[in-house]
Amino acid sequence: MEENKQKPLPRCEWCGTDPLYVDYHDNEWGKEVTDDKTMFEFLVLEGAQAGLSWITILRKREGYRKAFADFDVEKLVRFTDADVERLMQDSGIVRNRRKIEATITNARIYMQIQQEFGSFCNYMRSFLPDGKPIINYWANMKEVPASTPLSDAISKDLKKRGIKFFGTTICYAHLQAVGYVNDHMVTCHCHPDNL
């Protein structure tokens, strides 16, 4: 009797077969984030990823949660130079002084945006057409842009407000991660049309 082998689910090719990547792809990437804490976590992680691979950051994610007060902006704004020095010795994160300092600075600006818009999610949605996520219909990874006029506009506004490590390419990756732009391939089981 032939074994009944389950066919693997069709996924976006970028996630490969690493279980951590597959889990992230299936359960987080492209799913709309509606809470500010998760939104800030992705903002920090995307900035940390600059110049590195995303899997490197995923593997250090728990280290980031411990190092940065579980992404609690109210605690982060009270971090001092001594905290920066402590974090420079923390092998659980990427030990880049500029990125560490940017996380603390960004927490302060993040809180200002929350106060102005009611939440950071509201701020981000204010850039979206009708305040709703964009669903794209890409047939292959080559079609997916590295940035768009939307990511240009958001990153420009955030830069003006003082946010660091959040250029247009990082911003676009952030929009994809938090599901404000859904870039799952049309063949992927996570594309909204396939759910």
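Predicted model: local features only at pLDDT ≥ 70, side-chain atom pairs only at ≥ 80, totals over all residues.

Modeller: Residues are numbered from 1 along each chain as its sequence is written, and side-chain values use heavy atoms, with hydrogens and water left out.

Colleague: Why is K132 called exposed?

Modeller: Buried means under 20% relative accessible area, exposed over 50%, and partly exposed in between, with a 1.4 Å probe and protein chains only. K132 has a relative accessible area of 54%, and therefore counts as exposed. K132 lies in the loop between α8 (120–125) and β1 (134–135), where helices (H or I, at least four residues) and strands (E, at least two) are DSSP runs numbered from the N terminus.

Colleague: What makes E32 and D35 partly exposed?

Modeller: E32 has 40% relative accessibility and D35 has 34%, so both values fall in the range between the two cut-offs. E32 is found in the loop between α1 and α2, and D35 is found in the loop between α1 and α2 as well. The C-alpha atoms of K132 and E32 are 9.7 Å apart in space, although 100 residues separate them in sequence. For D35 and C121, 86 residues apart along the chain, the C-alpha separation is 6.8 Å.

Colleague: Which residues is E32 in contact with, leaving aside neighbours within four places in sequence?

Modeller: Contact means heavy atoms within 4.5 Å, and with those neighbours left aside E32 is in contact with R125, P133, V178, G179 and Y180.

Colleague: Why does Q49 count as buried?

Modeller: Q49, in helix α2, has 17% relative accessibility, which is under the 20% limit, and so counts as buried. A polar atom of the Q49 side chain lies 2.5 Å from the backbone oxygen of L52. Beyond its neighbours within four places in sequence, Q49 is in contact with W54, I57 and K99.

Colleague: What makes one space a pocket and another a cavity?

Modeller: On a 1 Å grid over the protein atoms alone, a cavity is a set of points where a 1.4 Å probe fits but cannot get out, whereas a pocket is an open set with protein on both sides within 12 Å along at least five of seven lines; lining residues have an atom within 4 Å of a point. Grid points are joined across faces, edges and corners, and a volume is the space filled by probe spheres set on the points. The largest pocket holds about 400 Å³ of space, and of its 18 lining residues W29, E46, Q49, A173 and Q176 lie nearest its centre. The largest share of this pocket's lining, five residues, comes from α10.

Colleague: How many cavities of 30 Å³ or more are there?

Modeller: The count comes to one cavity of 30 Å³ or more, and the largest cavity holds about 120 Å³ of space. It is lined by 16 residues, of which V44, G47, A48, K99 and T103 are the closest to its centre. The largest share of the cavity lining, five residues, comes from α7.

Technical notes:
Polar contact = N/O pair within 3.5 Å; in protein donor to acceptor, adjacent residues only side chain to side chain.
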